[in-house]
Amino acid sequence: MFQTAYSLLSWLLNGGNQKDGFLPAAFPFLVAMLGLSLWYLFLKARKPMAPLPPGPLGLPIVGYLPFLGFDNLHLVFTELAGVYGPIYKLWLGNKLIVVISSPSLVKEVVRDHDIAFSERESPIAAQIITFGSNDIAFDSYSSPSWKHKRKILASDMLSNANLNACYDLRREKVMEMVGDVYENVGMLTDVGELAFRTLTSLIGNMVWGGEIQGEQRTIVESQFKKIFAEIVVFLGKPNISDFFPSIAWFDIQGIERGMKKIRQSFNEFLDSVIEERMKKETGEQKSDVLQMLLDLHKNQDSPSSLTMNQIKGILVNIVVAGTDTTSGSTEWAMSELMQHPEIMEKVKKELNDVIGVNNTVEEFHLPNLRYLNAVIKETFPLHPVLPLLVPRCSARSLTVGGYTIPKDSRVFLNTWSIHRDPNIWDNPMEFQPERFLNEPGKLDFRGNDFRYLPFGSERRKCPGINLGEKMLSFILASLLHSFEWKLPQDEKVDLSGKFGIIMGKKNPLHLIPTPRLTNLELYKRKS
Ligand code: HEM
């Protein structure tokens, strides 16, 4: 073919034989040959496109949706990984979902292609509760305000300097918690709710100061627990309306209606807190997060100005992501300790040695509680509170593990299955804090070790790690040092989880506390 094209071309360049009329006749043929040759060269030079990952077939139109089940996505995804491997795809309607369950592939996504996979796709439920994806967790990575909002949270509110400045507040809230338990010794105590109340109160104080007090505070805290439980379930459930926008109007699962109801009560609450603050603005100046956000709102001409919906979006993130995660981890750790009395004994011995039986826990004790820290580190992989992290979205078409992930695919990083993989962890299903004790530096949970990602990794990793870690160990150490805990008679620890974007326990852990400190005066330091 090239030979013919070449002879024709040289004949043409040499002027041809104009008289015999060959040129006009051959011209279209020549152009076609040239076109074909160029196309052939182009195809040869182009790398063949990697195939899509393997995956189950599903049904026409609906894809795999009917087989997914809506309550245990992490388990279904883990089971499918056993069949299709560490990267597979499934269609939900016309949406391509890619699930990744190996550390090396997670690394490709979050580190090698970090920017392209830092994108999020905001499902309908998230759009509603975050005031139009105006928050941090569901806003697009490429949105001009995302970096600014994340910086406000990570570098201003949760910086080490700011956290150190809030030490007295943390101490006060933990002491209040100990005092509350002491007032109810011998009674059935919901451990998760106790931790949740402590965190709501702490975060509320950091965010809007002491604005809510007394009876109003009790009402808000008890309502929040119920509301947040609904939010995390709605956010975790696959929503048919997201996959079939043309029938979104029917809201078949009632997710949109449910979320709108929650947003309305949340909105009323936020409006009342904001209004209250604005009324006071002429008086004493506050220095909490709300004031910082409102000051940015007032400064409309500045590029760092925030809209009211952005302020509300950030507040929703802080209160939901900051409370349910940490209280959930506290409840899981306590459950594992109740299930393993020999480990509980070791924790108590360490608390006695480091803190002393006539003393209460202070934050400076925490780094010396090596065994308790190992218990916390061991709780994270067995009970990751975000088993599928927050799903990512591909900003462009990319190759991962030799497969193509097309633009706009929704990508799940299944840390649940990575944390339970016997090829990665020795006896992953056994609760063995010693694995962290013997090699303390080996497994780092700050996102640098892709086998162990309780806080995610890279650009979208949790900005609340420092506060979460501090509060989790402070609350746990105080509960365990100040009280003995017993299960109600004939009850066993139940370790089943309830799936949601944040996974808590299916059945709350109820325990009976009795005082452990010999000096009862220590319980009276309640503020
Ligand atoms: C034990 C406590 C906590 C755990 C286990 C935890 C875990 C996580 C995880 C796994 C993610 C998703 C990361 C990803 O998608 O790669 C996340 C995101 C997030 N967390 Fe946390 N978290 C905790 C505490 C907190 C606290 C105290 C706050 C704030 C006060 C917070 C705020 C956030 C926010 C705003 C995001 C979204 C980040 C983004 O998309 O850019 N978290 N967290």
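The buried residues of α9 (buried means under 20% relative accessible area, with a 1.4 Å probe and protein chains only) pack against α8 (160-165), α10 (191-208), α11 (214-236), α20 (465-482), β8 (483-486) and β11 (510-515). Contact here means heavy atoms within 4.5 Å. Helices (H or I, at least four residues) and strands (E, at least two) are DSSP runs numbered from the N terminus. This is a predicted model, in which local features need pLDDT of at least 70 and side-chain atom pairs count only at pLDDT 80 or more, while totals for chains, interfaces and linings use all residues. Residues are numbered from 1 along each chain as its sequence is written, and side-chain values use heavy atoms, with hydrogens and water left out.

Helix α9 covers residues 167-183, 17 residues in total, and reaches 24 Å from its first C-alpha to its last. That is close to the 24 Å expected, where the expected span is 1.5 Å times one less than the number of residues. Among its buried residues are Leu-169, Arg-170, Lys-173 and Glu-176, as well as Val-178 and Gly-179.

The loop between α19 (434-438) and α20 holds Cys-462. Its SG is the only protein donor of the iron atom of the ligand, at 2.3 Å. Donors are N, O and S atoms within 2.8 Å of the metal (3.2 Å for Na, K and Ca); water is not among the atoms, so sites may look incomplete.

The aromatic side chains come next. Rings of Phe, Tyr and Trp (its six-membered ring) pair if their centres lie within 6.5 Å; planes under 30 degrees apart count as stacked, over 60 as edge-to-face and the rest as tilted. By this rule there are 21 aromatic pairs. One of them, Phe-380 with Phe-445, is edge-to-face, at 5.4 Å centre to centre and 85° between the planes. This pair links distant parts of the chain, 65 residues apart: Phe-380 is in helix α17 (residues 370-382) and Phe-445 in the loop between α19 and α20. Both Phe-380 and Phe-445 are buried. Trp-425 and Phe-436 form a tilted pair, with 6.4 Å between centres and 50° between the planes. Trp-425 lies in the loop between α18 (415-419) and α19 and Phe-436 in helix α19, so the pair ties together parts eleven residues apart in sequence. Trp-425 and Phe-436 are also buried.

Two charged side chains lie over rings, meaning that NZ of Lys or CZ of Arg is within 6 Å of the ring centre and within 35 degrees of the ring normal. Lys-147 lies over the face of Tyr-141, 4.7 Å from the ring centre. The charged end of Arg-420 sits over the ring of Trp-416, at 3.7 Å from its centre.

Technical notes:
Buried means under 20% relative accessible area, exposed over 50%, partly exposed in between (1.4 Å probe, protein chains only).
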